[in-house]
Amino acid sequence: KMAEAGGQNLANTVWSFATLNVCDKPLMHAMAAEAMPKSMQWDAQALANIAWSCAAIAMRHGPLLQSLAAAAIANISALKSQELSNTAWAFATMEFRHWPLLDSIAAESRAKISHFDAQGLSNPAWAFATLCRTNMPLRDAIASASLLMIGDANSQELANFAWSNWAMLLHKPDLLRPEVEAFPRTSLHPTTGRLIGVEWVHVADAASDEHSSPYLPPSM
């Protein structure tokens, strides 16, 4: 029956298992083997969904990821902002370095930068820093666009912006300062005033750098 399934059906099945956090590795590998020859049949959403699914269930299947990357590059203009963001996040989460794909994502993301929300911007910022792929045009585009969204960003998104800036040694205080100043609003418990979550570690790393420490918000 699996051989009769179309590429879209296989992509939907993998996504469903990942959404339920179920990883049956023999089944997943069987579906991957069946899906690879059909990857060019997937639309942009299916490509992004299956990349996200592989990352969500920690299935780092090299041949499948190569097929996904090739198909995504061929269809890069069809990927929407969320699909570009999720694909970058997925490949970085799996630590799968496919430079042509990342370069294609960077170029397409810059062209569509006004369509990204705060999470959409923070994902590629984090992904490119995690994979140590410096793309200054994309970095500058993310920096400019994210400044307009600081007020809407949550603690994870602010931490991703700050940490990626620090990890890539870009030292952009004009971007880091509002992130650091906005972070307590999103990460402090409303009653106890204590820090919530682990995102503060990334912000502390960034803010303690000698280039950014003058921009720490004043202590209360």
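Phe-91 is buried, at a relative accessible area of 2% (buried means under 20%, with a 1.4 Å probe and protein chains only). The model here is a predicted one, with local features needing pLDDT of at least 70, side-chain atom pairs counting only at pLDDT 80 or more, and totals for chains, interfaces and linings using all residues. Residues are numbered from 1 along each chain as its sequence is written, and side-chain values use heavy atoms, leaving out hydrogens and water.

Searching the whole structure turns up one aromatic pair (ring centres within 6.5 Å, taking the six-membered ring for Trp). Phe-91 and Phe-96 make up this pair, and it counts as edge-to-face because the ring planes sit at 70°, with the centres 5.9 Å apart (edge-to-face calls for planes over 60 degrees apart). Phe-96 is buried too, at 9% relative accessibility.

Phe-91 also turns up in the largest nonpolar core, which has 54 residues; Trp-42, Leu-68, Phe-91 and Leu-121 touch the most other members. Such a core is a set of buried Ala, Val, Leu, Ile, Met, Phe, Trp, Tyr and Cys residues joined through side-chain atoms within 4.5 Å. Helix α3 (residues 44–56) supplies the largest share, seven residues (helices are DSSP runs of H or I, at least four residues, numbered from the N terminus).

Over in helix α9 (residues 155–167) sits Glu-157, which is buried at a relative accessible area of 10%. Beyond neighbours within four places in sequence, Glu-157 contacts Ala-118, Gln-119, Ser-122 and Asp-152 (contact means heavy atoms within 4.5 Å). Its C-alpha atom is 9.0 Å from that of Gly-120, 37 residues apart along the chain.

Note on methods: Phe/Tyr/Trp six-rings, centres within 6.5 Å; stacked < 30°, edge-to-face > 60°. Buried < 20%, exposed > 50% of the residue type's maximum accessible area, 1.4 Å probe, protein only. Helix = DSSP H or I, 4+ residues; strand = E, 2+ residues; numbered from the N terminus.
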